[in-house]
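I opened my notebook for this one and wrote down what I looked up, in the order I looked. Have the structure beside you and follow along.

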Amino acid sequence: MKIYSTRHGQTDYNKKEIVLGTTDLPLNETGLAQAEELAENVRKLDNIDIIIASPMLRAQTTAKVVAEKCELKIITDERFREWDYGEYEGKSRFIDGFAESKTQFGVRMGRSGESLLQLSHRVYSAIDDIIEKFGGKNVLIVSHGGICRVIETYFNDMTTAKYSNWFMGNCQLIEYEIDEERG
């Protein structure tokens, strides 16, 4: 079994380096082009059986472009929605405290958002369910930058420094191999 992870195509907030969590924005023109390129890359792989996507517009749009080109079904899973960044939402990514808050695992982001522990719990449980339910199939997860970072930690150990500096590009595709014998 393989799990592929991708981040949605670009939005205007992404382009302007604005924190984008719970705000439900569409893809911009660049993002739509990125989704088309992703769809072509997935078509060339010719081994993905199903798409599981965040319910957010930017992820759903990206997933639909891939699904249509590759004739795949999309399952929406609320657990792959983006991290709730609390009071950081809609502000510059470079605002004081934002980068540091990503490393405070037990503290809610921007005072009113989710802690990394809460986020990790929902993402890890979703991946566990995918492995259990879709064993033997290859799955594409279409989600968000914060979610992709947590997915990376599910499969690869990361120090706090590596975690806080890890980045997933829009419509970048990462492959993870699942050892189904792992029990």
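Here are my entries, starting with the ground rules.

**Ground rules.** I am working with a predicted model, where local features need pLDDT of at least 70, side-chain atom pairs count only at pLDDT 80 or more, and totals for chains, interfaces and linings use all residues. Residues are numbered from 1 along each chain as its sequence is written, and side-chain values use heavy atoms, with hydrogens and water left out.

**Strand β1.** I took helices (H or I, at least four residues) and strands (E, at least two) as DSSP runs, numbered from the N terminus. I called a residue buried under 20% relative accessible area, exposed over 50% and partly exposed in between, using a 1.4 Å probe and protein chains only. In β1, 5 of the 6 residues are buried, so the strand is largely enclosed by the rest of the structure. For pairing I asked that DSSP find at least two bridges between two strands. β1 pairs with β4 in the parallel sense over 5 bridges, and Tyr-4 stands opposite Leu-140 in β4. With strand β5 (residues 173-177), β1 pairs in the antiparallel sense, also over 5 bridges; there Thr-6 has Leu-173 as its bridge partner.

**Arg-7.** Is this arginine buried or exposed? Arg-7 lies in strand β1 and is buried, at 9% relative accessibility. I checked polar contacts, meaning a pair of N or O atoms within 3.5 Å; within protein, one must be able to donate a hydrogen and the other to accept it, and residues adjacent in sequence count only if both atoms are side-chain atoms. The Arg-7 side chain reaches the backbone oxygen of Met-168 at 2.8 Å. For contact I used heavy atoms within 4.5 Å. Leaving out residues up to four places away in sequence, Arg-7 touches, among others, Asn-14, His-144, Cys-148 and Phe-167.

**Helix α5.** The 18 residues of α5 (residues 116-133) should span 26 Å at 1.5 Å a residue, and the end C-alpha atoms are 25 Å apart, which agrees. The expected span is 1.5 Å times one less than the number of residues. Its buried residues include Leu-116, Arg-122, Val-123 and Ile-130. Among the elements covering them are β1 (2-7), β2 (50-53) and α7 (160-165).

**Cores.** I defined a nonpolar core as a set of buried Ala, Val, Leu, Ile, Met, Phe, Trp, Tyr and Cys residues joined through side-chain atoms within 4.5 Å. The largest has 33 residues, and Phe-80 and Ile-130 have the most contacts inside it. Which element gives the most to this core? It is α5, with 7 residues. A second, separate core of 19 residues includes Ala-35, Leu-38, Ile-48 and Cys-171.

**Cysteines.** Taking a disulfide as a pair of cysteine sulfur atoms within 2.5 Å, I got a count of 0 disulfides. For Cys-70, the nearest cysteine sulfur is that of Cys-171, 12 Å away. For Cys-148, the nearest is again that of Cys-171, at 10 Å. Cys-70 is buried at 18%, and Cys-148 is buried at 1%.

**Gln-60.** My last stop was Gln-60, found in helix α3 (residues 57-70) and buried at 12% relative accessibility. A polar atom of its side chain lies 2.8 Å from the backbone oxygen of Ser-54.
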